[in-house]
Every structure is written in structure tokens, then in C-alpha cells.
Amino acid sequence: FLGRIHPKKGLLNLIEAWTRLKAGNATAAGQWALAVAGWDQGGHEKELKTMVGEKGLEGDVLFLGPAFDDAKRACLQNADAFVLPSFSEGLPMSVLEAWSYGLPVVMTGQCNLPEGFAARAVEVRAEADSIADGLERLLSMPDAERRQMGCNGRDLVVSKFAWPRIAAQMIEV
């Protein structure tokens, strides 16, 4: 995850989902870590860290702090996937940025990027069970399938969300 740390982003449910994933598939979850990069809004990060401690996930859920410019690029370059279990989004730039780095994405329908599901992003509801199921699907995929998901997302960004396309749309308007 990379973005604003706020209750509407669904991070409490993501951490609960990670707990369930570890309990149900320790092998897959043991090969992955959940990294949360972003800036805290309203003290929500403290609530998340408390939950992580209560669940015994200190080594599995990493809080990286705010990530801008080079730090953001490093996060995206070193990630293997991206998740946004949001309750509400307009146009989530974080998903578009993740796709621009070729990352496979797990997201909710409330992210308002239905074309992402056509490009094979994993769709989940903003509920812990659904997020856990989506993460399980992603982690259980062969590497080649995850890479193809990321390539599909990158192609979508290039064809629909890159500046040349947006400029052409603006000219049409």
C-alpha cells in the first residue's frame, strides 16, 4: 500500500486480511511482507500499529513512513504487488502509479477503475474476508501470471491514462 493513511483506505481490514492469510496459508504469506508506505492523517497509523502488535504481525507488516519522489520510486520499484482496499476513491493515482511500474493490483470496485478489472486486476470487496481471498489468489498465482497482470495494467495506463492520451481527449473537448 502506498498513499494517505486514513480510515477510508481500508487498512484495518487489510491488516485483518493479512492475519487471516497467514493463518490459512503460512507458506505463501511467509514469502511476502505487507508494506504500508504513506503519510498519517488523524492518527490512524497509531491505530494500525496497535492492531499489528495485538495480532503479532510486527515482522510481517512494515510501516515505511511517507514516501515521495525518490522514496516513492524505490517503494514501487521494489514492490511485487500493490493493494488498495479502499471504501471510496475518485481516481486513485496510487493504482495508476503501481500499474505504471508493472505491478499486479488488488483493489476494490470503489476505486472506480473498472477498466482495471478488464486488465485482470484482482477485485475484492472492502471486507477482511474478501481482501484475504483476493490476496490468497494473488499470492497463489504463478510468477508469470502475476507479471502478466502487471503488464496488462501498464498497457492500460499507457493507452488510457498517459499524457498523450489525456491531451488528445482534451483537444477533442
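Predicted model: local features only at pLDDT ≥ 70, side-chain atom pairs only at ≥ 80, totals over all residues.

Trainee: At what angle do helix H5 and helix H8 pack, and how far apart are their axes?

Mentor: Angles of 65 to 115 degrees count as roughly perpendicular. Here helix H5 (residues 93–100) and helix H8 (residues 143–161) pack at an angle of about 115°, with 7 Å between their axes, and H5 and H8 are therefore roughly perpendicular to each other. As for handedness, the crossing in which H5 passes H8 is left-handed.

Trainee: Which residues in H5 and H8 meet?

Mentor: Contact means heavy atoms within 4.5 Å. From H5, Leu 96, Trp 99 and Ser 100 meet a set in H8 made up of Gly 150, Gly 153, Arg 154, Leu 156, Val 157 and Phe 161. Sorted by class, the contact of H5 with H8 has five nonpolar residues, three polar and one charged.

Trainee: How should I describe the way helix H1 and helix H7 pack?

Mentor: Helix H1 (residues 11–24) packs with helix H7 (residues 128–140) at an angle of about 55°, their axes lying 8 Å apart, and that makes H1 oblique to H7. H1 passes H7 in a right-handed crossing. On the H1 side the contact is made by residues including Leu 14, Trp 18 and Leu 21, and on the H7 side by residues including Ile 131, Leu 135 and Leu 139.

Trainee: How do the residues of the contact of H1 with H7 divide by class?

Mentor: The contact of H1 with H7 has nine nonpolar, one polar and four charged residues; among the residues that make the contact are Glu 16 and Arg 20 of H1, and Asp 129 and Glu 136 of H7.

Conventions
Residues numbered from 1 in each chain as written. Heavy atoms only, no water. Axes fitted to C-alpha atoms, helices over the stretch in contact; angles between N-to-C directions. Helix = DSSP H or I, 4+ residues; strand = E, 2+ residues; numbered from the N terminus. Parallel < 35°, antiparallel > 145°, perpendicular 65-115°, else oblique. Left-handed = near helix turned anticlockwise from the far one by under 90°. Nonpolar A, V, L, I, M, F, W, Y, C, P; charged D, E, K, R; others polar.
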